[in-house]
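Please read it alongside the structure displayed below.

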Amino acid sequence: MSPPLLLGVEEEGQSNVSLMASSPSDCISQNVSGLQERNYLGLSDCSSVDSSAASSLPVDNKNKLNLKATELRLGLPGSESPEREPDLSLLSSGKLDEKPLFPLLPSKDGICPGSQKNVVSGNKRGFSDTMDRFSEVKSSVYTEKNWMFSVGPDSESPQSVGQGKFPGNSGMNPMLRPTGAQQAIMKEMAPNALERSRPAANGTHNKASASNNNMSAPAAKAQVVGWPPIRSFRKNSLATTSKNNDEVDGKPGPGALFIKVSMDGAPYLRKVDLRTYTNYGELSSALEKMFSCFTIGQCGSHEAPGREMLSESKLKDLLHGSEYVLTYEDKDGDWMLVGDVPWEMFIDSCKRLKIMKGSDAIGLVELTRSVMKLSRMDKCSLADTKFGRNCNKKPNTIIMVYDHATAV
Amino acid sequence: MNYFPDEVIEHVFDFVTSQKDRNAVSLVCKSWYKIERLSRQSVFIGNCYAISPERVIGRFPGLKSLTLKGKPHFADFNLLPYDWGGWVYPWVEALAKSRVGLEELRLKRMVVSDDCLELLSRSFVNFKSLVLVSCEGFTTDGLAAIAANCRYLRELDLQEIEVDDNRGQWISCFPDSCTSLVSLNFSCLKGEINLTALERLVARSPNLKSLRLNRAVPLDTLQKLLMRAPQLVDLGIGSFVYDPSSEAYIKLKATLVKCKSIRSLSGFLEVVPCCLSAIHPVCQNLTSLNLSYAPGIHGNELIKLIRFCRKLERLWILDSIGDRGLGVVAFTCKELQELRVFPSGVDNAAVTEEGLVAISAGCPKLHSLLYFCQQMTNAALITVAKNNSNFTRFRLCILDREKPDPVTMQPLDEGFGAIVQSCKRLRRLSLSGLLTDQVFLYIGMYAEQLEMLSIAFAGNSDKGMLYVLNGCKKLRKLEIRDSPFGNTALLTDVGKYETMRSLWMSSCEVTLGGCQTLAKKMPRLNVEIINEDDQMEFSLDDRQKVGKMYLYRTLVGPRKDAPDFVWTL
């Protein structure tokens with residue numbers, strides 16, 4: 001048996017992880033018979049051809065990883081979204097397989113192992129978009145099921161992007177075997193290779209998240225049953241307790257801002273973490289996906305990314321076109337239309353979200369417009385048409401409308 | 001062969017208490033076997049399907065305490081369908097029919113019905129102790145039966161159970177004559193409880209040492225209970241919501257100071273986060289603290305509390321304590337032996353490798369670890385291994401599946417390898433993060449005492465599993481999910497499985513054909529294939545991959561209570 005390799009490296013001076021990565025396997029494979037023939041698929045492993053080159057492999061691989069990673073990290077099919085927001089992945093994939101998994105999600109609300117808060121990088125987002133978000137998010141983001149891809153790891157907080165494994169005995173694309181040269185090839189051809197290889201990779205894990213089985217599914221991680229391995233009693237208990245505690249002290253932790261989302265006619269509420277979005281567009285898209293089974297109309301369509309104020313015309317579209325309207329209850333307990341204030345202000349003041357039927361919300365829309373225009377003393381042009389009784393031109397009737405709106 | 005009369009040998013055997021030792025003793029010769037079996041009082045059955053109740057009773061007629069485990073460990077994580085099995089009724093029924101004077105029943109991951117509890121309560125006059133961990137299937141009606149009928153009940157301990165709360169008055173069912181309670185734990189119950197009845201019960205239980213309340217017990221009741229039971233050693237607080245200026249709170253502070261015997265504290269299921277200063281006087285004597293169900297206590301408050309707990313040996317906590325908090329633990333709790341850090345779900349508060357390294361450096365007596373973290377590095381694990389080679393249980397769960405070392409982007413093979421190499425007494429290991437076959441090579445080589453190994457999303461090929469099966473001679477339980485191990489690994493050493501309690505493989509590469517081959521070769525194993533509801537019927541295609549396979553050694557053949565979706569090959 002070889003001398004203690006792992007701990008003993010220290011005696012040589014610096015313990016260098018990458019050295020250790022390569023040397024023990026060298027030594028071990030020499031000591032243990034019959035193992036040298038195989039390629040272990042690990043970075044540190046000897047290739048079957050040339051064991052002396054093995055020690056250089058990890059370093060090479062690492063460099064290659066760093067160089068290549070940022071180029072190809074994003075926009076690839078199958079990039080995955082964090083566990084808690086599986087719906088967001090639908091942004092990119094429009095996958096139908098996720099729907100049967102919806103029933104799981106309510107039980108996961110409020111239960112958020114660390115990585116779940118992370119921002120989704122759907123594979124349809126532009127590279128720069130996602131990079132921006134990536135630098136915002138401190139904790140790890142899992143976007144690829146391929147460990148060869150990683151963002152430059154040392155610049156900021158450790159972020160791991162690519163993980164995955166390559167089942168050795170599946171009928172897989174041999175290019176996926178991670179020897180150095182092949183990694184380069186892999187990366188060049190990454191988009192296609194991943195597309196092709198994923199079915200093979202995923203086929204071998206028929207249970208490893210239902211969404212993995214579908215090539216276009218980026219939300220693989222989200223759907224895995226039984227991960228993280230916490231007893232369901234504990235999960236449920238923490239969920240209940242944090243719900244109660246939110247009501248008790250009303251203050252969510254700095255990292256997460258959970259807001260209940262209800263929808264008229266939906267049988268259950270959802271909870272979203274507002275901090276995972278940076279603008280209204282994302283929020284409404286996410287909600288759209290979340291509640292899509294209840295067929296929201298064009299709720300999210302009126303928001304372009306970055307735009308924060310509803311325009312007159314958009315309001316009109318809203319009123320006349322969509323079935324549902326997104327509203328929120330602010331700190332003062334008033335129900336407001338989402339989209340009127342800058343995003344940051346919205347996050348600060350939003351206590352609850354509600355997806356209302358358009359008809360119910362017309363009063364709100366009118367209210368909002370009236371409030372916005374109060375200083376200018378404009379008339380509500382639409383008030384004439386429908387809500388003469390609710391919204392006449394006198395300023396003090398605004399208060400009545402307020403009451404009506406909050407009662408909705 | 002005996003130089004002494006049987007009675008003397010039996011008396012000697014009285015001092016042999018561990019089951020392992022008694023099993024060894026029983027193998028020496030026929031006469032020792034007989035003496036041992038007639039005198040054994042406490043029996044542990046690790047897998048309720050490995051043996052039948054009748055045979056257990058037949059061999060150990062003097063049985064007083066029975067411990068049973070039912071479902072495999074991964075059932076805790078919803079990997080097992082609800083009706084898979086693990087019913088305890090047949091056991092209780094068989095025991096009731098026999099002349100066994102059962103006094104203690106401890107169950108883990110089993111299905112217990114109200115009828116079963118009723119039968120239990122009526123069948124054994126001297127029944128004293130019921131401990132249920134992670135069980136299911138009963139309501140408070142069953143508890144009422146236990147309370148009402150077990151006249152000498154000492155211990156009723158319910159841990160992590162979802163009980164259907166019928167809002168019954170089960171606590172009132174303890175008769176006035178019941179004064180023998182030593183331990184009462186109903187912290188997992190969600191419903192209301194009759195507070196007056198509870199107070200009276202505690203008042204007439206002078207031997208009460210352990211009391212764990214559920215969230216329905218408010219602060220003022222807690223204070224009254226503590227007044228009645230200042231001798232408590234183990235306290236589980238239900239609701240700790242109060243107004244700091246209220247009389248109830250002031251009274252409680254005073255009462256807590258008087259409870260000098262409390263060594264173990266848990267609960268805080270409902271808590272006002274601002275101030276736990278009332279607890280501080282209790283902290284200095286605490287050896288066990290479980291705040292893992294108290295997400296309402298923020299990190300800073302936790303840290304303040306910990307600073308008082310110099311004698312702590314066991315700490316269960318949420319990761320909201322953060323790396324900084326773990327640093328405080330490392331500085332303060334030099335007697336720490338067991339640490340469990342659970343994920344609270346709050347993003348920023350999660351712990352990393354820093355916390356673990358600090359703990360390993362600061363707590364020399366630590367030997368049992370369960371650690372959920374955001375990330376881990378090889379360097380950290382190697383440092384931990386160097387700092388501390390005492391680990392007997394090392395369970396690491398990196399929340400991000402298959403995450404490599406974020407600094408080097410390497411798999412975590414080396415880190416875990418260092419752990420198994422350094423910790424020669426390691427008995428239980430759970431892996432996570434990105435792992436290749438290499439880590440299994442290390443485990444096979446170094447983890448000589450390993451008894452239980454949990455693998456998820458790891459490895460590259462059959463080799464990984466083979467290293468483990470070949471190398472770990474003492475392996476008893478192996479559970480694998482979502483790893484690329486297939487038929488070759490499964491079938492290379494079929495005899496191994498009879499030396500183990502069980503093997504679980506789900507979402508791996510084993511096929512139906514492979515499992516069938518195994519079942520044919522090893523008739524004393526039950527090889528169960530568990531089909532999900534939405535999967536197809538049992539097709540006869542040998543090449544079809546098996547979703548879930550659970551195999552275990554057994555002396556009684558395929559179980560008769562297997563539901564339709566379980567196919568014993």
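1. A network of salt bridges links Arg231(A), Arg234(A), Asp76(B), Arg109(B) and Glu160(B). A salt bridge here is a side-chain nitrogen of Lys or Arg within 4 Å of a carboxyl oxygen of Asp or Glu. Over all chains, the structure holds 27 salt bridges.

2. The model is a predicted one, in which local features need pLDDT of at least 70 and side-chain atom pairs count only at pLDDT 80 or more, while totals for chains, interfaces and linings use all residues. Residues are numbered from 1 along each chain as its sequence is written, chains are lettered from A and ligands numbered from 1 in the order in which they are written, and side-chain values use heavy atoms, with hydrogens and water left out.

3. Chain B has a mean pLDDT (the predictor's confidence in each residue, from 0 to 100) of 91, and 97% of its residues reach 70 or more. For the complex, the predictor gives an ipTM of 0.89 and a pTM of 0.64.

4. Asp76(B) lies in the loop between strand S2 (65-69) and helix H5 (89-97) of chain B, and Arg109(B) in the loop between strand S3 (104-108) and helix H6 (114-123), so the pair ties together parts that are 33 residues apart in sequence. Helices (H or I, at least four residues) and strands (E, at least two) are DSSP runs, numbered from the N terminus. Both Asp76(B) and Arg109(B) are buried; buried means under 20% relative accessible area, exposed over 50% and partly exposed in between (1.4 Å probe, protein chains only).

5. Lys224(B) and Glu199(B) also form a salt bridge, their closest N and O atoms being 3.8 Å apart. This pair links helix H9 (residues 219-228), which holds Lys224(B), with helix H8 (residues 195-203), which holds Glu199(B), 25 residues apart. Lys224(B) is partly exposed at 37% relative accessibility, whereas Glu199(B) is buried at 14%.

6. Arg481(B) and Asp482(B) form a salt bridge, with 2.8 Å between the closest N and O atoms. Both residues are buried.

7. Helix H16 (residues 413-422) of chain B has 10 of its 10 residues buried, so it is largely enclosed by the rest of the structure. Among these buried residues are Asp413(B), Glu414(B) and Gln421(B).

8. Asn531(B) occupies the loop between strand S19 (525-530) and strand S20 (548-553) of chain B. Asn531(B) is buried, at 10% relative accessibility. The C-alpha atoms of Asn531(B) and Phe565(B) are 5.2 Å apart, although 34 residues separate the two along the chain.
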